[in-house]
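Hello,

Here is the structure I promised to pass on. Please open it first, then read my notes below.

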Amino acid sequence: MPKHTIADILRGLEAKTFSSEEITQQYLDAIAKHDSKFNSFITVTGEQALSQARAADTARQKGAAGALCGVPIAHKDIFCTEGVRTSCASKMLDNFIAPYNATVVDRLASAGVVTLGKTNLDEFAMGSSNETSFYGPVRNPWNTDCVPGGSSGGSAAAIAAGMAPAATGTDTGGSIRQPAALCGLTGLKPTYGRVSRYGMIAFASSLDQGGPMAKTAEDNALLLQAMAGFDHRDSTSMNVAVPDYVAGLSKDLSGLKIGVPKEYFSDGLAPDIAAAIEASLDVYRKMGAEIKTISLPHTHLAVPCYYIIAPAEASTNLSRFDGVRYGYRCENPKDLDDLYTRTRAEGFGAEVKRRILIGTYALSSGFYDAYYRKAQQIRRLIKQDFDEAFKSVDIIAGPTTPNPAFALGEKVSDPVTMYLEDIYTIAVNLAGLPAISLPAGFTQGKPIGLQLIGRDFDETTLLAAAHQYQQRSDWHQQAAPGSV
Amino acid sequence: MSLDQNDIAKLARLARINIAETETAELSERIGDILNMVDAMQAVDTANVVAMANPHDAIQRLRADEVTESNHREKFQQIAPQTADGLYLVPQVIE
Amino acid sequence: MEWEVVIGLEIHVQLTTKSKIFSGSSTAFGADANTQASAVDLAMPGTLPVLNEQAVKNAILFGLAINADICRDSVFDRKNYFYPDLPKGYQTTQMDFPIVGPGIVEITLSDGSTRSVRVHHAHLEEDAGKSLHEDYQGMSGIDLNRAGTPLIEIVSEPDMRSAEEAVAYLRKIHSIVTYLGISDGDMSQGSLRCDANVSIRPKGQEEYGTRAELKNINSFRFVERAIKTEVLRQIELIEDGGKVKQETRLYDSDKNETRPMRSKEEANDYRYFPCPDLLPVHVEQSLIDELLAGMPELPDAKRQRFESDFGLSAYDAYLLTGERAVADYFEVAANSAGDAKLAANWVNGELSASLNRDNLSINASPVSAEQLGGLIQRIRDNSISGKIAKQVFDALWNKEGDSADAIIDSKGLKQVSDSGALGAMVDEVLAANPEQVEQFRAADEGKRKKMLGFFVGQIMKASKGQANPGVINKLLNEKLGG
């Protein structure tokens, strides 16, 4: 079962090798039996999953099966699910039963998926290690002393451990790609505006994007097909036609021009990872791609720029958590001020508070120009770097992270070092581009991720490039030692 | 760039987060680290760069003026900390 | 010392849209608490705003009406502060790029003089909910039905120099938005709310004094009183050696005093920044053209037309065009009466007084414009005198008949112009007052004029007011041998 992909499950369901109810039950059993080791789920929705599975089996018998009918998946606990706790891994929302579904949840439900439960994450998606969750850290199935990455660490660990074939994630600065890389998975951050943000609890509105996480590029294509598309409830959702991603997997890539940014191969990159990326580029060369060195000169400014913009947006996005209409409220507030200050002091964890304060500072009077406006300007320079590069290449390739999964607790006391782990992923969010991370080797028994960055709305080329690489490699087929 | 206790207190006040005095030293150190890292931006001349708020430089779509929502008060207030007569209750608001 | 008063107004106008500015909730007034508060209005996690097209059009219409520049790419910002009636912890508003740029509003004062008040800008924003201070278990109740109602905030330059000017400006804004149909302008329901920035300075001094902001003054009358009260406070304060503090004050209409607002004491830092959930609002020239083409006649144009087409005085025209409903009423009445000046006198006089007395708006007038027109026709053809006309008007007001004619008939109020009948009446009166007749005949020309009034009065009394005064005058002159 850990090797099951969505494509495998669809074939099995179609061939009646197993029913959705049977396979759903198997995953639920695996979660019940093994998740105590990983802590990848915050909420398991067993009964609901089984009833959805039975409904899917009936639909399939009637010949009314949606594209993903009966496929069990998990949702990152940042997507609102009606009638089910949606916690964002925060004490603030520990009691929040969402009264509506996120658009992504609705879309996947109409495609027929079965929801196994809600996966763990860094609190409000603020982190790269899944250590800031109110529900405790998640462990990496490849090495349980290590972090799975974050913020979609629960989704990544659940898939890597074989407790779900696929899951949703969200990516603000690398939160899909980095855990995918650290857990040996394939994860796609779509173009900003490709997937609706409605019902996805906001961290940084101009950067957040939901996307799929799975073992293969093919599964990513299947999921994205259901998730993507215009949503009238999200003003930043773009009305751009959704192509057939599955059909696009076999797109002819001969003559593909791949740019490799020289800035990505600097001192901070682990030598094994550099070597693995070089090796994967050789695979592409053999596929007929042309590899070119390019320059993204403002790369070093991406992390500083992000650590102003993301906290600034977050600081106000999180003002709604005030103990008045939903969520946590402190005991016996003595007055209105006490209600606010204590609810928010008790409801938010340390990293969230830190980021709210930084964001508040960056927007405050006297500092706005030096920080927030400056960051918005740098953001344009970063975007222009990519625009320039895409004049001469079709995709950009490089490592997803400079290092493999690090030990739990290793970087907790040094946030800046942890932030710098996101150096390759963050610029992509600032520019709004699509990018995919796929397994490209191992170092010390830990997975290495290859990141491919594409042009706006050209997820097709990324998925095809990843898929065709996976036809020529088996990194993505390796099972984590901790898996079921 | 570093923030002193007063700065932290002011930010905490704006953000309505109660910060204990024992927490401020560590907070100010960590925030100081982050601000130092962020200061790399100041070396770049951005005088002629237009700020970018959205990755696509797109424009706002407008919604037709139609009532599309109905009353879900009961459902919404089931998850509220405290309500009475359909109102959300908070400690006395002073004008 | 002689002081000069400096006033700037910030006027919040609720726009008449069916749904809220960023959600599909109804904006209808008076629904049960929180029944018109959707997930978006409640700032539930993950919800997002989508901008209402009509709110944008309404704002542009206002801008066009005051000849302002329309910002082709306006931007929504977040204004961050915590308050229980503000669910997101920020108000979505416009700061650096408001949709309506600088414009001009002409005001007319009671002496007929006019002034220009500059509008600095007008921006779109969302209204907050309401905090109800009645005691709920020792707590306040929050109703978010109003949260998200579209507003434009119209910010003037500090161009007004008296409370009267401020009221005239406020009335002018009220008439513009109601003419445009972009707001119902109902101050009692909070559809139009006014904050006044008030300061004083020694006459002749260029730099402004420190201003106090008076919040939420909710009627024309209170605006005048609040400003006058605040001006007196500031003068007294300064003359006693004190200093005006820049602060927000609340006007208490019961005590007729202003006092500092406790909740606004804390210096705030609103941390405005562009709302990342919304994109710039792009306005095409074609939309502006379309709105201009459909623009109704505005108060200034209507006033000029009333002057030129109807021959009204500037002041009558000004009074009639303040409210669109009054102007519309007048036009119908004038056309049906066939005499605009008489119609103007009646609308500005008897009708206006009666409406005020019964505290009614013109839309609720018991006497319709057609009925008033019919009444004026009977004055014009001498069927009734002006005095009888007031009786007929009162009867119409009290619904004693469907038309002036019906009331004149049923009450027998038709004016008597028949010389034969009136001649007999004149003879009777002269016979009953021989002394006065003698005095009259002995008097000189100047005194006679006055004395004639006595006889006319007696005859009017005898005829219950129905005698035609012109005919009586003529007969009296004949019979008294004048």
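How many salt bridges are there between chain B and chain C? The count is zero. Keep in mind that this is a predicted model.

Polar contacts are another matter. The interface of chain B and chain C holds 21 residue pairs in polar contact, both residues at pLDDT 80 or more. On the side of chain B that touches chain C, the elements giving two or more residues are α1 (5-14), β1 (62-63), α3 (73-77) and β3 (87-91) of chain B. The largest share comes from β3(B), with five residues. By class, this side of chain B has 17 nonpolar, eight polar and 10 charged residues.

Now the extent of the interface. Chain B brings 35 residues to the contact, and chain C brings 54 residues. About 4000 Å² is buried between the two chains. Carbon and sulfur atoms give 58% of that area.

Strands also meet across the two chains. β1(B) is joined by two bridges to strand β2 (residues 51-52) of chain C, and the two run parallel. There, Leu62(B) stands opposite Leu51(C).

Next, look within chain C. It has an open sheet of eight strands, in the order β6-β7-β10-β1-β11-β12-β13-β14, with mixed pairing. The edges are β6 (103-108) and β14 (257-260) of chain C, each pairing on one side only. From one strand to the next, the twist averages 30°.

One pair to pick out is β12 (residues 212-217) with β13 (residues 247-252), both of chain C. They pair in the parallel sense over four bridges. Lys215(C) has Leu250(C) in β13(C) as its bridge partner.

Best wishes

Definitions and conventions
Residues numbered from 1 in each chain as written. Chains lettered and ligands numbered in written order. Predicted model: local features only at pLDDT ≥ 70, side-chain atom pairs only at ≥ 80, totals over all residues. Heavy atoms only, no water. Contact = heavy atoms within 4.5 Å. Buried area = accessible area lost by both parts, 1.4 Å probe. Salt bridge = Lys/Arg side-chain N within 4 Å of Asp/Glu carboxyl O. Polar contact = N/O pair within 3.5 Å; in protein donor to acceptor, adjacent residues only side chain to side chain. Nonpolar A, V, L, I, M, F, W, Y, C, P; charged D, E, K, R; others polar. Pairing = 2+ DSSP bridges. Axes fitted to C-alpha atoms, helices over the stretch in contact; angles between N-to-C directions.
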